[in-house]
Amino acid sequence: MRITSALAAAAILALSAACGSGGSTGASGGGTASEAPAEPVKLNFLSLAWQKESIEANKALVDEWNKNNPNIQVTYVQGSWDNVNDQLVTQFEGGGAPDVIHNDSPALSGFATRGYLLDLKDKLPAELKSDIPQPAWDTVTFGAEGGVYGVPFLQESQVIIANKKLLDAAKVRVPTADNPWTWDEFAEVSKKLTKDGAFGVAWPMKSPVNKTLNLALNFNGTFFQTGADGKSTVKVGPEEKEVLQRIHNQIHVDKSADPKTLGMGTADPLPGFYKGEYAMLPVGVYLRQQVAEQAPEGFEWVTLPPLKGTSSNQGAVSQTLSVSADSKNPDEALKFISFFLNGPNQAKLAKGDWLLPTSQKAATDPSITGAENGWDVATASVKSLVVAPFLKVNGYDEWKSKVATPVLQEYYAGKISLDDAAKRLVEEGNKVLERY
């Protein structure tokens, strides 16, 4: 998930001041109880929305709920992705966590294991449960008992944003959702677009792990295997090496990828992209917003569908809403979530964040299925998403930060061989995982 530091300081102050449940437990959803309580049930909703459109959409839905539900009033608490999980641990341990918590699915496993989150498995309304397909629910299902610790509502896929004029000039086949480029075609197109001092592609790899692992599923590369005892080990075999080798070859063999972009964050190559320094950017679907808003006048761009290896599968990670296990009003919290994440509202949230809704009803909404700004291609890419294997791995975050990030950065920079990278990912990685 995207992380920004812009709101971090204010968010921590707001979260500390505003979190904690209160009010009566006697209200029912929508304020329809025959005897209204003297005071409305009060819920705190921690939101990590950070883009202007997304914050506006979140706040508008909270206002709509409060207007129509006088007996259940929700306070919007603005949070930040920066250090939110450390902040939440403090709140959970202190008994003052928000009732409704926005997070992403990788964080849920640890919180569920510690008993911080309510298991929603037997509490989900039928309409909400049936509107979201099982692969999305798999991203929030943990433990031997198959507990469900959040409602998944936004997901991200990797697409390609391309300079349309350069594609047209090179007379390359433009892929469609039904007939995407294979990785081999992508490599050939990248070479064809590399000329006159410009490169075919830019790979921003400042944070290379999630992108690499998600794309590796194109070749069934999972990077982890988990035994019956729940213990995971790292594996880097032929399937995992496919995407690693292909990206490396574009940089160091084909010379079709600009090596200067390796140390960049996802959005950093955009100025060079607008100038024609590289023709294509493999990035998350959300980056379309910055291109739509920032591209110079007359710049023509197009969104291309996910690449295909042996499949087009990509790892899915979901943004989620969970209920604190210590909430005094869990039923009311779930009623609010059910409203907030219904089909029409998910469409609003997806449009505000330029991401993909999990709701099947939202996925057909005209506002996010048209051709403008590549929404049709983006929305169609949902079918490629499968549960990311690393979601089920205890110790993944430490493996990612201490082992995988530096190893992949060195490998893509050409400082170590593929075999050395694989050996370190496995050997150093398993030393980390065996502690969990």
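How many cavities of 30 Å³ or more does a search of the whole structure find? The search turns up three.

Before looking inside them, some ground rules. This is a predicted model, where local features need pLDDT of at least 70 and side-chain atom pairs count only at pLDDT 80 or more, while totals for chains, interfaces and linings use all residues. Residues are numbered from 1 along each chain as its sequence is written, and side-chain values use heavy atoms, with hydrogens and water left out.

How confident is the predictor? The protein chain averages a pLDDT (the predictor's confidence in each residue, from 0 to 100) of 91, and 91% of the residues score at least 70. Residues 1-34 stay under 50. Where pLDDT is low, the predicted coordinates should not be read in detail.

On a 1 Å grid over the protein atoms alone, a cavity is a set of points where a 1.4 Å probe fits but cannot get out, and a pocket is an open set with protein on both sides within 12 Å along at least five of seven lines; lining residues have an atom within 4 Å of a point. A volume is the space filled by probe spheres set on the points, which are joined across faces, edges and corners.

The largest cavity holds about 70 Å³ of space. Its lining includes W183, W203 and P305, and strand β7 (residues 158-163) gives the largest share, three residues. The second largest pocket has about 340 Å³ of space. Of the 16 residues lining this pocket, F142, G143, A144, K392 and N394 lie nearest its centre. Helix α4 gives the most to that lining, with three residues.

Here is how the residues split by class (nonpolar: Ala, Val, Leu, Ile, Met, Phe, Trp, Tyr, Cys and Pro; charged: Asp, Glu, Lys and Arg; polar: the others, Gly among them).

| Lining | Nonpolar | Polar | Charged |
|---|---|---|---|
| Largest cavity | nine residues | one residue | no residues |

On to the helices, which are DSSP runs (H or I, at least four residues; strands are E, at least two), numbered from the N terminus. Axes are lines fitted to C-alpha atoms, for helices over the stretch in contact, and angles run from 0 to 180 degrees between N-to-C directions. Angles under 35 degrees count as roughly parallel, over 145 as roughly antiparallel, 65 to 115 as roughly perpendicular and the rest as oblique.

The axes of α8 (residues 183-192) and α10 (residues 238-252) cross at roughly 10 degrees and come within 11 Å, so the two helices are roughly parallel. In contact terms (heavy atoms within 4.5 Å), W183 and F186 are among the α8 residues that meet α10. With α16 (residues 396-412), α10 packs at about 40 degrees, the axes 9 Å apart, so this pair is oblique.
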